[in-house]
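Here are a few friendly notes to read alongside the structure. Take them one at a time, with the view open next to you.

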Amino acid sequence: MKIEFFSAKKYDKLFFDEANKLHSFDITYHETHLGPHIVDIIKDAEAVCVFVNDKLSRAVIEVLAKKGVKIIALRCAGFNNIDLDAAKEFNISVCRVPSYSPEAVAEHAAAMLMTINRKTHKAYNRVREQNFSLDGLLGYNLFEKTVGVIGTGKIGKAFINIMLGFGCKILAFDLYPDSTLKEKGVDYVSLEKLLQESNIISLHCPLTKENHYLINKETINLMQTGVTIINTSRGGLINTLDIIEALKTQKIAALCIDVYEQEETLFFKDLSLEIIDDDKIQRLLSFPNVLLTAHQAFFTKEALKEIAEVTLNSITRLDKNDMPNDANVRLV
Ligand code: NAI
């Protein structure tokens, strides 16, 4: 089977070529995103493999169907970039990778917290310039601090386990509390109590209509002055303008974000020679107490291996009509 692979990066090719040794698909890699501008190049392919910024609109799906494409394989968990109704209408199967190494994301959240707190990013640069002073590098012990975790699914749970190792007290909020975490001493409380009592707050819930801008002026007002906020989930959970205000007044002592509400136009690209027309991200980047990474929390060898293997296995199973409709990897 021929697969047209979009938004391909060097690392995708590395891991997919390795996983493909078990399948022998004919994969053509394209660096460009899939969208109306490029869909015509597809020839004789039965599957396309796409990522978070490829746009699978109705118009694109219609062309895919005309060209004989039977499978759209999303090599990510989210599926907000695809018109699933259109895929169903044109009889195209869609699969995704619902979970890949929750530990990768949890460990990145912990790494960001450790970095912003102990300022190792600043120390690294400083000593290379023979500046061995400690001024400005003061941090705090994580031991016995209260960490509020919003969303205690796979990633939240992995993050809690790391923080328990540091000797932190954990307050948690989730619509469905986890009994195994309660047994470990995790205290499920109301969102209000979590916001009021936590020294560090980490977001691990999905973005939904209900929790859009969960972190906003009102919820920030409930927090302690000097709180550290970590967001490795989705940018839309935080109202960026409100958080900028709270950084300016120093209500929030530090912010670690791996996601940003307008990241589609920025992340996964080298824009170092461009003028960026986004004043909110430029303001965020101007704060010394903001650590921003570009959606890299998932980016470990283990996660990329899992993504490649699960994606190619799903394509094989869909091709053999051997994947149940109700599996959350198969979307239509
Ligand atoms: P999961 O589905 O295992 O857990 C999500 C948890 O959030 C569930 O326990 C659910 O009950 C809870 N939840 C849902 N709505 C909530 C709300 N309004 N308030 C509190 N809790 C709520 O998902 P998983 O695998 O732990 O992933 C969490 C999120 O991490 C994903 O939705 C995604 O946005 C993000 N993610 C980020 C990555 C990155 O590279 N930065 C990579 C993968 C996922």
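How are H4 and H6 oriented to each other: parallel, antiparallel, perpendicular or oblique?

1. Please keep in mind that this is a predicted model. To the question, then: the axes of helix H4 (residues 102-118) and helix H6 (residues 154-165) cross at roughly 50 degrees and come within 8 Å. Angles of 65 to 115 degrees count as roughly perpendicular and those under 35 as roughly parallel; H4 and H6 are therefore oblique to each other. Their crossing is right-handed.

2. It is worth looking at what lies between these two helices. From H4 the contact draws on Pro102, Glu103, Val105, Ala106, Glu107, Ala109, Ala110 and Leu113, and from H6 on Lys154, Ile155, Ala158, Phe159, Ile162 and Met163. Eleven of these residues are nonpolar and three are charged, with no polar ones.

3. Four bridges link strand S9 (residues 200-203) with S10 in the parallel sense, and isoleucine 200 has threonine 228 in S10 as its bridge partner. Strand S10 (residues 227-231) is in turn joined to S11 by five bridges, again running parallel; here isoleucine 229 stands opposite leucine 255. Strand S11 (residues 252-257) has five of its six residues buried, so the rest of the structure largely encloses it.

4. Next, please find the other open sheet. Five strands form it in the order S2-S1-S3-S4-S5, with parallel pairing. Strand S2 (26-29) and strand S5 (93-95) are the edge strands, each pairing on one side only. From one strand to the next, the twist averages 20 degrees. Three bridges hold the parallel pairing of strand S1 (residues 2-5) with strand S3 (residues 47-50), and phenylalanine 5 faces cysteine 49 of S3.

5. Finally, look at the helices on this five-stranded sheet. Helix H1 (residues 10-19) lies across S1, S2 and S3 and runs at about 180 degrees to S2. Helix H12 (residues 301-319) lies across S1, S3, strand S4 (71-74) and S5, at about 160 degrees to S4.

Terms used: Residues numbered from 1 in each chain as written. Predicted model: local features only at pLDDT ≥ 70, side-chain atom pairs only at ≥ 80, totals over all residues. Heavy atoms only, no water. Pairing = 2+ DSSP bridges. Axes fitted to C-alpha atoms, helices over the stretch in contact; angles between N-to-C directions. Contact = heavy atoms within 4.5 Å. Parallel < 35°, antiparallel > 145°, perpendicular 65-115°, else oblique. Left-handed = near helix turned anticlockwise from the far one by under 90°. Nonpolar A, V, L, I, M, F, W, Y, C, P; charged D, E, K, R; others polar. Buried < 20%, exposed > 50% of the residue type's maximum accessible area, 1.4 Å probe, protein only.
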